[in-house]
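Please work through the following exercises with the sequence and the structure at hand, and try each task before reading its solution.

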Amino acid sequence: MGAPRLDAIDIRILDAIQRDGRITKLALAERAGISPTPCWTRLRRLEKAGIITGYHARLALRLVAPVASILVEVTLASHKQTDFERFERAIKLLPEVTSCWSVGGGVDYILKIVARDIDAYQRLIDDLLQRELGIDRYFSYIITKTVKEETALPVHDLIQPLVERN
């Protein structure tokens, strides 16, 4: 089954819900430009289709405790499918790894790690290296300041041209 066809109303619903997951049914319907019942039906259809995958709260953890955020480039020694699978299985089990992307280019993965401090981060890396997951080398980039961290995607800009084409 393919992805459901979206129209301009669906796009407005997606844009509004990703910016405010706690929006009321009435406010969402107003932003979508339709009445609440059909809006709610569309929202449920988008959830069932897997387009909306969850609702989350953004935390300002630094207000509660100091944290260190680190981006890490990882290159594996071998590039067999089993090597990638072994590394990915291990990474998925680590709560400190908040994001992991398999990338093309000069490295195999980019990870975002959040730890209590740099010492805790280094202990995590040392543990990964001792587990023999095939890591050939890694480069760490300590995040010193967040300039922009937007979780909302530019839904209208990404999807609207596809809707107009159909």
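Two exercises follow, one on the whole chain and one on a single residue.

This is a predicted model, in which local features need pLDDT of at least 70, side-chain atom pairs count only at pLDDT 80 or more, and totals for chains, interfaces and linings use all residues. Residues are numbered from 1 along each chain as its sequence is written, and side-chain values use heavy atoms, with hydrogens and water left out.

**Exercise 1.** Describe the order of helices and strands in the protein chain, and its spread.

Step one: the protein chain holds 6 helices and 4 strands, where helices (H or I, at least four residues) and strands (E, at least two) are DSSP runs numbered from the N terminus. Step two: along the sequence their pattern reads α-α-α-β-α-β-β-α-β-α. Step three: the radius of gyration, taken over C-alpha atoms, is 20 Å, well over the 15 Å that the globule rule (2.2 Å times the number of residues to the power 0.38) gives for 166 residues, so the protein chain is more spread out than a compact globule.

**Exercise 2.** Determine where Asp 83 lies and which side chain it meets in a polar contact.

Step one: Asp 83 belongs to helix α4, which covers residues 81–92.

Conventions. A polar contact is a pair of N or O atoms within 3.5 Å; within protein, one must be able to donate a hydrogen and the other to accept it, and residues adjacent in sequence count only if both atoms are side-chain atoms.
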